[in-house]
Amino acid sequence: MKDLLDIASLEKKQIEHLLSLAEDLKEILYRPIPKVPTLRGKLVVNLFYEASTRTRFSFERAAKVLSADTLNFSTGASSVKKGETLLDTIKNLRALGANLFVIRHPLAGAPHFIARSCDVPVVNAGDGTHEHPTQALLDLLTVKEKLGTLSGLKVVIVGDIKHSRVAHSDILAFQKMGSKVVVTGPAPLLPEPSEVSYFALEKGRFKVEVSPEKALSRADVVIALRIQKERHGTALIPSYQEYHQFFGLTTELLLKHLSEGGILMHPGPINWGIELAPEIEKFPRQVILDQVENGVAIRMAVLLTLLAGKKDENTN
Amino acid sequence: MRILIKKARILDPSQDLDFVGDLLIEEGKIKGFDKRIEGVEGCKIIDAEGLWCFPGLVDMHVHLREPGEEWKEDIETGTRAALCGGVLRIACMPNTKPPIDSPELVKFVLEKAREKASVKVYPIACITKGQKGEELTEFGRLKEAGAVGVSDDGKWVPNSEIMRRALLYARQFDLPVISHCEDPALSKGGSINLGKMSAKLGLKGIPASAEVVAVFRDLFLARETGGPLHLAHISLKDSIKVLKWAKEEGIPFTAETCPHYFTLTEKEVDGYNTFAKVNPPLRTEEDVEAIKEALKEGILEVIASDHAPHSPLEKEVEFELASPGMIGLQTLLPLSYKLVEEGVLSPIKCLKCLITNPARILRIEPPSVKIGKNAELILFDPREEYIFTQELIKSKSYNTPFLNKKLKGRVKKVILCNFLHTLC
């Protein structure tokens, strides 16, 4: 594996490897001095062409725990302001000694584009409305931890499926691991009939359900998506109030529909009062901060796999 | 200078001519053709056994990029690519910078073409000033200056009343109105066909309705006005259904497609291949089959290249930022010839789509194999297979998904009036 660009191109075996590596590495985070020298001397460049809190700091934290050096790039403070192209930016940072690029970009395929034109590993940290593979991996890790398995589950994703890179990665990731995925939300934000054949990896494994109640029924995992205010405003949804009334999740709704032991996840940042009712913060089966913690472990596993090559077996 | 072509398969779609024989050219004009021509003194003899000899193609949909975007292409390089592709007449689209929307700009293109073009250039002018879709251009003066049609190509005319008026006015001047059928309200922000591939790549898809809605509106306006409507680059099975309905209704219209719509599918875009990004987008296998069937049935009458050069500045970028379009002057003939090989079209029918039908729509006399006419002929080897490498490309740009792919059928020689060009 040279790059981590999307879940679509990962095989189940590769996903399993990353999950088990992350499980092993997570222990480091609980040590009195959470640092190992494995990636000492490696330079990880975080290229963030879009705002991010969790993903960016999570990658940085992961790199630092593994003793890699990091450079953080954000568009506002770089020559992108002067009109430098993505390709030139990459070439220059490569010349500065980058050993791996982590890229978040508003345009789909940007990580694929740079992976084609540079010789060091590229990790997609979210590209436009395409994929966000490390988010899906950390979601898998969280579910595996909480429910003990990834197969035979009913995973329900609620919200703007069409424009969500998290949803696109999760839909594939959970199916690849043997679960069933149901998506629901406002109809104009759901996959089109002509797109369904891509998302359904096997017959009966994927469903677009217009009724949120039907979708949620007996769910083992519910993933609420963020309404992307910065991307669409209210252009795609008549109003946030209406969204909350028909597609927002409440404790009552979750208690009614979740299977025994079922959990609620959210990739963050949360619009409280829109996709989630504020009281959900106290809901005992929401695992939103566990996801954040697992994000560091997953990203450690990814960096290690891409940078340390065959040495991943004896990291501890 | 006398040239005697021996033992060629001579084809002329303007008179359904198809025989093996000899053809004599004298002083740039066709002097005679027959099963055998013997005893002519002082000729350059071309042994053309196994080759096809037919008039040069008429490509009614070409972007030459001059004025304004000469780093992508100019009239000199674009027409040289045309010559090498066996395209000896081209109609160039007006979406240059500035757009060709005045008689002065039409004359500018013609003047530049006189100076440096290798083939004949026929300018198409804008339907609306600045291609803004608001005010009609001066159809009468544009025609007088040499425009052979009007088009806001690259853009549809979204205001139906403006388009209606354009058709009424164009009818008066007998100027074809060439419509780029994509409703921008539906296609905006889209980079590829809506479907499996848009889902895979996470790109906004352009729905079929963007084309079909536009096709239907334009046809209905043509019915009401009797205006000379030509629909550019049709790409969809569903559009063909509407075109069939329009034929049954007796609506006056003509329609074209391009080789990429009967050769490639949306799969070509996989991996964010910007060379396969084009408007309208590449569609599905079903659509490819429907386009072939429509050519066979004569619903689509023209095959044009939609030659759209872009440099690495516009193509080696993030997919959504990449400009749509691909070059096509040198692949037009081999890709169309494939339809003959597949038995979709007869050789004569194929050449009608490439020569006589576009000429008729542009109201120009087609090149032909007739005694006394200017020699405008190509010698084509239908058997030759070759890799379409960057060295073969005569255009300034090399943005084509057929780059480094195998093609079959190659233009060997071009005879254009007094010039004999040996290409390979």
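With which side chain does the side chain of E209(A) make a polar contact?

Author: The partner is the side chain of K207(A), at 3.1 Å. A polar contact is a pair of N or O atoms within 3.5 Å; within protein, one must be able to donate a hydrogen and the other to accept it, and residues adjacent in sequence count only if both atoms are side-chain atoms. This is a predicted model: local features need pLDDT of at least 70, side-chain atom pairs need pLDDT 80 or more, totals for chains, interfaces and linings use all residues, and side-chain values use heavy atoms, without hydrogens or water. Residues are numbered from 1 along each chain as its sequence is written, while chains are lettered from A and ligands numbered from 1 in written order.

Where does E209(A) sit? It lies in the loop between β7 (206–208) and α8 (212–216) of chain A. Helices (H or I, at least four residues) and strands (E, at least two) are DSSP runs, numbered from the N terminus. E209(A) counts as buried because its relative accessibility is 11%. Buried means under 20% relative accessible area, exposed over 50%, and partly exposed in between (1.4 Å probe, protein chains only). Leaving out residues up to four places away in sequence, E209(A) touches V182(A), V183(A), T184(A), G185(A), L190(A), K214(A) and A215(A). Contact here means heavy atoms within 4.5 Å.

Now step back. Chain A has domain 1 (12–131 + 293–314) and domain 2 (133–288). These bounds come from an automatic or database domain assignment. Their C-alpha centres are 26 Å apart. In chain A, 28 residues of domain 1 meet 23 residues of domain 2. The two domains of chain A bury about 2100 Å² between them, 60% of it from carbon and sulfur atoms. L19(A), T129(A) and E131(A) supply 28% of the area that domain 1 buries there, more than any other three residues. Buried area is the accessible area (1.4 Å probe) that two parts lose on being put together, summed over both.

Three salt bridges link domain 1 and domain 2 of chain A. A salt bridge puts a side-chain nitrogen of Lys or Arg within 4 Å of a carboxyl oxygen of Asp or Glu. The side chains of K26(A) and E145(A) form a salt bridge at 2.6 Å, N to O. Nine residue pairs make polar contact across the interface of the two domains of chain A, both residues at pLDDT 80 or more.

Next, helix α4 (110–117) of chain A. Six of its eight residues are buried. They are A110(A), P111(A), H112(A), F113(A), I114(A) and A115(A). These buried residues pack against β1 (43–48), α3 (86–95), β3 and β4 of chain A.

Last, chain B. Contacts join 19 residues of chain A to 17 of chain B. The area buried between these chains is about 1500 Å², and carbon and sulfur atoms give 61% of it. L107(A), A108(A) and Y198(A) supply 33% of what chain A buries against chain B, more than any other three residues. The rule finds zero salt bridges between chain A and chain B. It does find eight residue pairs in polar contact across that interface, both residues at pLDDT 80 or more. On the side of chain A that touches chain B, α3, α4 and α7 (193–199) each supply at least two residues. α7(A) gives the most, with five residues.
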